[in-house]
Every structure is written in C-alpha cells, then in structure tokens.
Amino acid sequence: MKDKGQLIGDEMSLKEFILKTQSWFVYLFSKWYIWIIAGLLGGVTGFLYAKYRTIEYTATTTFVLETGENTSGGLGQMAGLAALAGIDLGGSGGGIFQGDNLFELYKSRKMIEAVLLHQSSSDSNLTLMDRYISMEKLKDKWKAKKPELIQLDFSKKTSANLQRDRDSILQAVVKDINKNNLNVGKLDKKSGLIKVDVKSTDELFSKEFNEVLVAQVNEFYIRTKTKKSMDNITILQRKTDSVRAVMNGNISTAAIVVDATPNLNPTRQAQRLIPTQRSQFSAETNRAILGQLVQNLEMSKMALMKEAPLIEKVDEPVLPLSDDKIGKLKTAILGAILFGFVTVCGLILRKVYINIIQG
C-alpha cells in the first residue's frame, strides 16, 4: 500500500504534466500567424508544383506469348530419310528466348536503335530519334558544346568525322531510354501476360515508340524461332524442284526417242529400247526420290506450323494516354499540411532549445 507522501508525489507529477502540456498548447497556438503563413506558402507551393511540373505519358502494350512446340521428336522415320539429303528436320530447339531472355531482347541496343531510326507515323519527315531530340532539347545542349552536331541527320549515313559522334549519341540515348523510359516485364507474378511500358513527356513519342518496339521485337522473335525450319523448307523445296525437273526431262527423252524412230527396223530395236529404258529407269528412280522429298517437304511445313510461336495482343496504347497529372487543389492541400507540420516541429525544437539555454 502506497503511503501518503508517495500519493502526493504522484499527484504533483500528474499535475505538473498537465500544466506543461497546457503551456505547450498555449505556446503553439500563440504562434497561429506563423501557422497561417506556413500553410499559405505550402498551398501556393503545391499549386505551382502541380501546375508547372512536367507530365509524363505512359503507353502500355500487353500481349500473351505461347511458344511453339518442339517437334524434334515428331518427325520419326522421315528424319533419317531427310538426313540422306543433307536436311535436318529436327525442331528449332526452342529455348532461345525463354523467360528473361525475351525481356532483354526488348532492351537490346539493336532493337532500340532500329526503333529510334524508324519513321514517325504522325510525321513522315521525322524519325523517332528526331522526336526524342526535340523532347529532351538535346540541340540546345549541343549548341553550347559542339554546334556541328545540330546538322546530324540520323536517318542517313553521315560523314566519317561525325560517324563516331552519331554512334556515341545513339548509345547514350539507348542507355537513357532503358533507364528512364522503358519497362518490360510480366503483368504480375502469377500472370502469363507480358507488359511493355514506354513513358515520356511527349505523348506521341510514347505511343509510337511502344508500337514500333513491340512490332519490331515480336517480328524478330518469330523470324528467329522459325529460321531453322524455314531454311530446311527452302532447301527441300529446291531439291524437290530439281528432282522433278530431272524426272520430267527423262520422260521427255523417252518420248523423243520414240518419235525419232517411228518406223524402226525390228532388227534395230537397240536404237529405241536402250535409250527408252534408260530414261524410264531414271524417271522411275527420280519419281521415288521425288515422292520422299515431297513427303519430307510437307512434314517440314507441318513442323514450321507447330514451331511458330503465337503472339496475341491483349491491350495496346490508344490516345489519350494515361498520365501522372495530379490535381492542383489536392496538391495545394497536401502542401499546406506538410508545411504546417514542418512549422510545428520547428516551433517545438525552438522552444526546447530556449528552455535548455535558460536552464
């Protein structure tokens, strides 16, 4: 059980705490004019920030990617026959652009440079590189450092003394786009959708760059995935046409020999039979080879159809693009609250400092 002195000490401590709290409130509210000034400054600052800040526009494309089947095991008996003709009917092996490799392809220098040098769809006199230069005001920077760069035309070959500068500028732009403008990844961890975001302060640049990049990379991806099968089909088609031509020539030769000896002496059958039978034998041999080649050719076309990946767009950018614009009123209120909070903290620290100095 607490004694009377301890209770009085506790009561005095609580009283002292209440009095000190009251004194703090009185002190803070006595500086109301500072609060108002800080709030007004914060509100004006927030309003001006929202009004004059640079707005960024984001163009987004989402698509589903289904890789083609690996058909290396599905050609069976035909693979051995094709191998005799120097043809590999096996699948394209498939794993070139699996997973993150496809994302890296989007960020590669080759792809981004090709997009930058592509003609703008909204102005045939401009490339996307020209739009980027205008957006980033690069010519103003070049004017101060190296004025001759202003005359650079990135859509054409330049002189040898400026080629190094041209390549250097393109490399710098590619790095900047990868760092600040381009984002490639999955829509979310569980989704199979791939998302490509391009953001910039130029709405048309964001949209056009996104569209051209997606088209360019997807076309390169499909062409690379099916290149082996396409080469096989080209070789098989060439061999098939060659054998068919030889076979037709043999058939024609047999007919020509018969026509050349219409009233052949029965004792001179060798003049007709030997060339005719030779041509017929060659034609039959080529017919058998042609049958196998045609079969292999059709199998290769089926393999190509299975290997070709499916890329289907789900969403693509349309004007107007989404932007990061923020409301002026909302920003003004947040600015006033922030400045008010900082002012309260400053007043408290000032009061504590004065109390410490005065002992």
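A residue counts as buried under 20% relative accessible area, as exposed over 50%, and as partly exposed in between (1.4 Å probe, protein chains only). Buried residues make up 32% of the 359 residues in this chain.

This is a predicted model: local features need pLDDT of at least 70, side-chain atom pairs count only at pLDDT 80 or more, and totals for chains, interfaces and linings use all residues. Residues are numbered from 1 along each chain as its sequence is written, and side-chain values use heavy atoms, with hydrogens and water left out.

**The whole chain**

The chain has 12 helices and 5 strands. Both are DSSP runs numbered from the N terminus: helices are H or I with at least four residues, strands are E with at least two. A contact means heavy atoms within 4.5 Å. Take the contacts with a separation of 6 or more: residues 24 or more positions apart account for 76% of them. The chain exposes about 22,900 Å², and carbon and sulfur atoms supply 59% of that area. Accessible areas come from the Shrake-Rupley method with a 1.4 Å probe; for residues, only the protein chains shown count as cover.

**The cores**

A nonpolar core is a set of buried Ala, Val, Leu, Ile, Met, Phe, Trp, Tyr and Cys residues joined through side-chain atoms within 4.5 Å. The largest one has 39 residues. Tyr106, Leu116, Phe209 and Leu213 have the most contacts inside it. Several elements each supply at least two residues of this core, among them helix 4 (100-106), helix 5 (109-116), helix 8 (160-181) and strand 3 (193-200). The largest share, 8 residues, comes from helix 9, which spans 203-225. A second, separate core has 7 residues, including Leu236, Met247, Leu293 and Leu297.

| Residue | Relative accessible area | Class |
|---|---|---|
| Asn210 | 0% | buried |
| His118 | 35% | partly exposed |
| Lys137 | 53% | exposed |

Asn210 is found in helix 9. Leave out residues up to four places away in sequence, and Asn210 touches Ala59, Thr60, Thr61, Val196, Asp197, Val198 and Pro317. Leu213, with its neighbours within four places set aside, is in contact with Tyr106, Met111, Val115, Leu182 and Val196.

His118 sits in the loop between helix 5 and helix 6. Beyond its neighbours within four places, His118 is in contact with Thr127, Leu128 and Val212. His118 and Glu208 are 90 residues apart in sequence and 9.7 Å apart in space, C-alpha to C-alpha.

**Backbone exceptions**

Most residues other than glycine have a negative phi, and most peptide bonds are trans. Lys137 is not a glycine, yet has a positive phi of about 55 degrees. Lys137 lies in the loop between helix 6 (128-136) and helix 7 (138-145). A cis peptide bond joins Leu319 and Pro320, with omega about -5 degrees. Pro320 is in the loop between strand 4 (310-315) and strand 5 (322-323).

**A helix pair**

Helix 2 (residues 32-52) and helix 12 (residues 328-358) pack at an angle of about 140 degrees, with their axes 6 Å apart. Axes are lines fitted to C-alpha atoms, for helices over the stretch in contact, and angles run from 0 to 180 degrees between N-to-C directions. By class, the contact of helix 2 with helix 12 has 12 nonpolar, 8 polar and 2 charged residues. Ala, Val, Leu, Ile, Met, Phe, Trp, Tyr, Cys and Pro count as nonpolar, Asp, Glu, Lys and Arg as charged, and the others, Gly among them, as polar.
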